[in-house]
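Good morning, and thank you for joining.

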Amino acid sequence: MGKKKKRAEEEPLNTDNIKEEQNDLNGDSQKKKKKKKKKWKEEEKPTVSIALPGSIIDNTQSLELATRLAGQIARASTIFRIDEVVVFDNLSSSVDSSDLTMEDGSHDDESGAAFLLRILKYMETPQYLRKSLFPMHNNLRYVGSLPPLDAPHHLRKHEWAPYREGVTLKDRNLTSGRTLVDVGLSKPVAIDQVIDPGIRVTVSMGTERNFNADIPHQVVSSSTPREDAGMYWGYKVRYAPNISSVFKNCPYKEGYDHLIGTSEHGVVMKSSDLTLPSFRHLLIAFGGLAGLEECIEEDNNLKGKKAKEIFDIYLNTCPHQGSRTIRTEEAIFISLQYLQEPVNGVLQKI
Ligand SMILES: C[S@@+](CC[C@H](N)C(=O)[O-])C[C@H]1O[C@@H](n2cnc3c(N)ncnc32)[C@H](O)[C@@H]1O
């Protein structure tokens with residue numbers, strides 16, 4: 001795979017990467033950049049992340065079933081407006097995330113984590129951008145049969161929205177400082193920056209439904225639709241080699257400030273009795289076949305620690321279960337529904 005794919009895949013790891021690169025290309029933007037950063041910080045909306053092990057994919061019996069499972073995680077994340085999905089491995093020591101390569105389209109036998117990340121990213125990407133951003137891969141064979149996410153940024157040609165996701169095209173004009181971007185409309189739009197081709201960008205479409213094609217549009221941070229318009233704008237995905245790296249490599253400068261662990265061994269309480277502190281970055285963790293306790297035991301960085309010490313709250317979100325086990329993908333739906341009221345209580349206060 002070429003450079004463009006790598007950039008598109010790296011983007012979700014750092015939401016501001018592309019914006020910063022673009023500002024650097026745009027010589028006079030340093031001052032603006034500082035101003036914007038300040039504005040984002042002041043108005044920063046709280047985020048909700050989930051973490052789950054890639055091993056849940058390794059237990060599936062076919063590529064079709066693995067795809068369906070990944071699709072369920074993507075649907076749950078979208079339905080519950082999750083901002084970040086972290087897929088972790090159970091490696092005792094940390095490896096660089098670039099070891100989890102998705103660049104070579106020829107490997108079918110990727111790990112459960114790599115597979116899950118690939119499908120999650122693919123599903124989150126608006127349909128009209130997928131061809132440009134995802135080279136053919138055998139493990140994408142069944143994604144066509146998955147129910148779409150139908151997220152607010154998955155816009156159809158005739159739909160208007162104040163923002164659109166796009167991919168930069170080859171047509172750039174260094175003199176005029178413009179680049180054409182495919183934003184899923186019948187014609188590409190121009191943006192007021194020169195950016196390499198094949199980069200996913202968020203374009204501000206302005207306030208007019210019938211925009212003037214001669215006026216260039218602006219690229220904004222992918223968090224702007226959420227920050228400025230309160231729109232759900234999809235989830236970022238991130239790989240973590242083990243559970244301690246989920247916390248340690250948090251992409252938000254301040255780190256996660258409230259950690260929820262889920263387990264049948266957790267505390268039982270009514271959802272309406274649960275009051276969450278006003279978090280900025282909430283993380284909700286799920287375990288695999290043997291639960292979060294095993295993930296913690298196997299992580300050398302957490303030696304001797306118990307789940308109840310790591311998480312601010314360790315919750316049983318489905319007491320009196322009839323089945324002996326609740327599967328991770330089921331627990332994600334159950335727990336996010338259980339947590340919806342307490343989480344919204346915090347989000348609405350801000
Ligand atoms: C197959 S279960 C693991 C069973 C394990 N004994 C446990 O700790 O819950 C997979 C994951 O589903 C979630 N889960 C299962 N039952 C749950 C429950 N009653 N409440 C909250 N989460 C649950 C947890 O995240 C768990 O790690």
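This is a predicted model: local features need pLDDT of at least 70, side-chain atom pairs count only at pLDDT 80 or more; totals for chains, interfaces and linings use all residues.

The chain has a mean pLDDT of 85, and 81% of its residues reach 70 or more. Two stretches call for caution. Residues 1–40 have a pLDDT that stays under 50, and the model gives them 50 contacts beyond four places in sequence. Over residues 101–106 the pLDDT is likewise below 50, and this stretch has 11 contacts in the model beyond near neighbours in sequence.

Let me turn to the helices. Two packed helices are described by the angle between their axes and the distance between those axes. Helix α5 spans residues 63–79, and helix α6 spans residues 112–124. Their axes lie 9 Å apart, at an angle of about 55 degrees. The two helices are therefore oblique to each other, and α5 passes α6 in a right-handed crossing. On the α5 side, the residues involved are Ala66, Thr67, Ala70, Gly71, Ile73 and Ala74. They meet Phe115, Leu116, Ile119, Leu120, Met123 and Glu124 in α6. Sorted by class, the contact comprises nine nonpolar, two polar and one charged residues.

How is α5 placed against α12? Here the packing angle is about 10 degrees and the axes are 10 Å apart. An angle under 35 degrees counts as roughly parallel, and α5 and α12 are therefore roughly parallel to each other. Leu69, Gln72, Ile73 and Ala76 in α5 meet Glu329, Ile332, Phe333 and Leu336 in α12. This contact has six nonpolar residues, one polar and one charged. Please note Ile73 of α5, which is listed in the contact with α6 and also in the contact with α12.

Helix α12 brings us to the ligand. Which elements each supply at least two residues of the shell around the ligand? They are β9 (258–268), α10 (291–297) and α12 (328–349). The largest share, five residues, comes from β9. There are 21 residues around the ligand, of which Thr262, Ser263, Gly287, Gly291 and Ala331 come nearest. By class, the shell has six nonpolar, 12 polar and three charged residues.

Thank you; I am glad to take questions.

Key:
Residues are numbered from 1 along each chain as its sequence is written. Axes are lines fitted to C-alpha atoms, for helices over the stretch in contact, and angles run from 0 to 180 degrees between N-to-C directions. Helices (H or I, at least four residues) and strands (E, at least two) are DSSP runs, numbered from the N terminus. Angles under 35 degrees count as roughly parallel, over 145 as roughly antiparallel, 65 to 115 as roughly perpendicular and the rest as oblique. A crossing is left-handed if the near helix is turned anticlockwise from the far one by less than a right angle, and right-handed if clockwise. Two residues are in contact if their C-beta atoms, placed from the backbone, lie within 7 Å. Ala, Val, Leu, Ile, Met, Phe, Trp, Tyr, Cys and Pro count as nonpolar, Asp, Glu, Lys and Arg as charged, and the others, Gly among them, as polar. pLDDT is the predictor's confidence in each residue, from 0 to 100. A residue is near a molecule or strand if its C-beta atom, placed from the backbone, lies within 6 Å of it.
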